[in-house]
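I opened my notebook to look up a few places in one protein chain. My entries follow.

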Amino acid sequence: MPTKVYIAPRVEILAQSGIESIPTEYVRPVEERQDLGDALEEVKKQIASGVPQIPVVDLKGFDSDDHETKMACVDSVKKAAEEWGVMHIANHGIPEDLLDKVREVGKKFFDQPIVQKEQYANDQASGKIQGYGSKLANNASGQLEWEDYFFHLIYPVDKTDLSIWPKDPSDYIEVTKQFAEHLRTVVSKMLSILSVGLELEEGKLEREIGGKEDLLMQLKINYYPKCPQPDLALGVEAHTDISSLSFILHNGVPGLQVYKENRWITAPCIPDTMIVHIGDTLEILSNGKYKSILHRGLVNKEKVRISWAIFCEPPREKVVLRPLEELVTDETPAKFTPRTFQEHIERKLFKKKQAEEAAAAAAAQAANGHKPNITN
């Protein structure tokens, strides 16, 4: 039987309707509610209780002529990539006034009436994924995420489709173009640092995932409205990123949670930094040395959260992903089989579908009074 696709209303409309409880399709199952709650409260509780925090790394040292200073930067990034798979980066080089403009034009777009934003609506069912949207519940459970979003390619410039970029605010296109150019420089720097951390030449990882010509940067502006029951909902469900690297800029409202040492850790908002995730692609190339960490997004009752997630992705069919031969030895055999980026995406979707169908079957058995029979 094909999976039923449920077309979600815009979450913003639900949030503004005055509801006191969220619709059932947004309620997460009990097994997902560990450390789930209001993002603003979770940050306060975890900092007060001394929970380990996502590391902060300073990229400035990598530009130093002093070898020890440069390697100290490499070591800090390497350690964060190996132990956490995520980090706050300081001194990344993007002007703060430009980041403020990025936040401003993104907020102005979402501040528009729904009817204005609907002009840019995507159509996931037909494969038109760029544009304004909300998640379709095309999984076995029918669950939805508490967010709306705007998604589009921002780099390389010659591959972008400006016809689907917002025309209002009028400076959205120019600001986003400038941001993409600056961020692309940061992408190269991060890949260089991570290459040196693997004892490879600086340009190795970047060449392996497409280089300047083919590496894509996809922007997803996530809009998380206030939620009356943040202890039951998720802005984004738990996942690892398929990308090489993912960068996150936010509006100062926390929401990111990462799964480490059997618990969910909520990231505070640290001024003048961006968040960087190691994606699946770099985990494969590094033969598992760098970690693609499981993470999700919380919501809260008091403040709208907006985040700008930029996914750096290799071309889907052009590059074959496999552990780099320099990192494969008799002592450290290859942990991943070769696959294109497209094949990796399909594998993840297939495994996700299997897991969802198994969970749905178990829930149905339990509801009928039968003991679930689940095999891994």
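I needed a term before starting: buried means under 20% relative accessible area, exposed means over 50%, and partly exposed lies in between (1.4 Å probe, protein chains only). I noted that this is a predicted model, where local features need pLDDT of at least 70, side-chain atom pairs count only at pLDDT 80 or more, and totals for chains, interfaces and linings use all residues. Residues are numbered from 1 along each chain as its sequence is written, and side-chain values use heavy atoms, with hydrogens and water left out.

**Entry 1: Ile-275**

I looked up Ile-275 first. Is Ile-275 buried or exposed? Ile-275 is buried, because its relative accessible area is 3%. I found Ile-275 in strand E10. Helices (H or I, at least four residues) and strands (E, at least two) are DSSP runs, numbered from the N terminus.

I then checked the surroundings of Ile-275. Contact means heavy atoms within 4.5 Å. Leaving aside neighbours within four places in sequence, Ile-275 is in contact with residues including Val-86, Met-87, His-88 and Phe-247. Phe-247 is 28 residues from Ile-275 along the chain, and their C-alpha atoms are separated by 5.6 Å.

**Entry 2: helix H3**

I moved on to H3, which covers residues 67–83 and has 17 residues. Its first and last C-alpha atoms are 24 Å apart, close to the 24 Å expected at 1.5 Å a residue. The expected span is 1.5 Å times one less than the number of residues.

Which residues of H3 are buried? I listed Cys-73, Val-74, Val-77, Ala-80 and Ala-81. Seen down the axis of H3, the buried residues fall within an arc of 130°, so they line one face of the helix. The arc is that of the directions from the helix axis to the C-beta atoms.

The buried residues of H3 pack against strand E1 (56–58), strand E2 (86–90), helix H6 (172–197) and strand E10 (273–278). Gly-85 follows H3, and its phi is positive, near 80°.

Asp-75 is also in H3. Asp-75 counts as partly exposed because its relative accessible area is 45%. I compared Asp-75 with Val-276: they are 201 residues apart in sequence and 16 Å apart in space, C-alpha to C-alpha.

**Entry 3: salt bridges**

How many salt bridges does the structure hold? I noted 23. A salt bridge is a side-chain nitrogen of Lys or Arg within 4 Å of a carboxyl oxygen of Asp or Glu.

I picked out the salt bridge between the side chains of Lys-117 and Glu-12 (2.6 Å, N to O). Lys-117 lies in helix H5 (residues 114–117) and Glu-12 in helix H1 (residues 11–16), so the pair ties together parts that are 105 residues apart in sequence. Lys-117 is buried, with a relative accessible area of 0%. Glu-12 is buried too, at 6%.

Next I looked up Lys-204 and Glu-326, whose side chains meet in a salt bridge (3.4 Å, N to O). This pair links distant parts of the chain, 122 residues apart: Lys-204 is in helix H7 (residues 204–208), and Glu-326 is in the loop between strand E13 (320–321) and strand E14 (339–340). Lys-204 is buried at 15%, whereas Glu-326 is partly exposed at 41%. Salt bridges that share partners join Arg-28, Glu-32, Lys-135, Glu-145 and Glu-237 into one network.

Lys-135 lies in the loop between strand E3 (131–134) and strand E4 (148–155). Lys-135 is buried, with a relative accessible area of 15%.

**Entry 4: backbone details**

I looked for cis peptide bonds. One joins Tyr-155 and Pro-156, with omega about 0°. Another joins Asp-168 and Pro-169, with omega about 10°. Pro-156 is in the loop between E4 and H6, and Pro-169 is in the loop between E4 and H6.

I also noted Asp-272, which has a positive phi of about 65° although it is not a glycine. Asp-272 sits in the loop between strand E9 (263–266) and E10. Asp-272 is exposed, with a relative accessible area of 52%.
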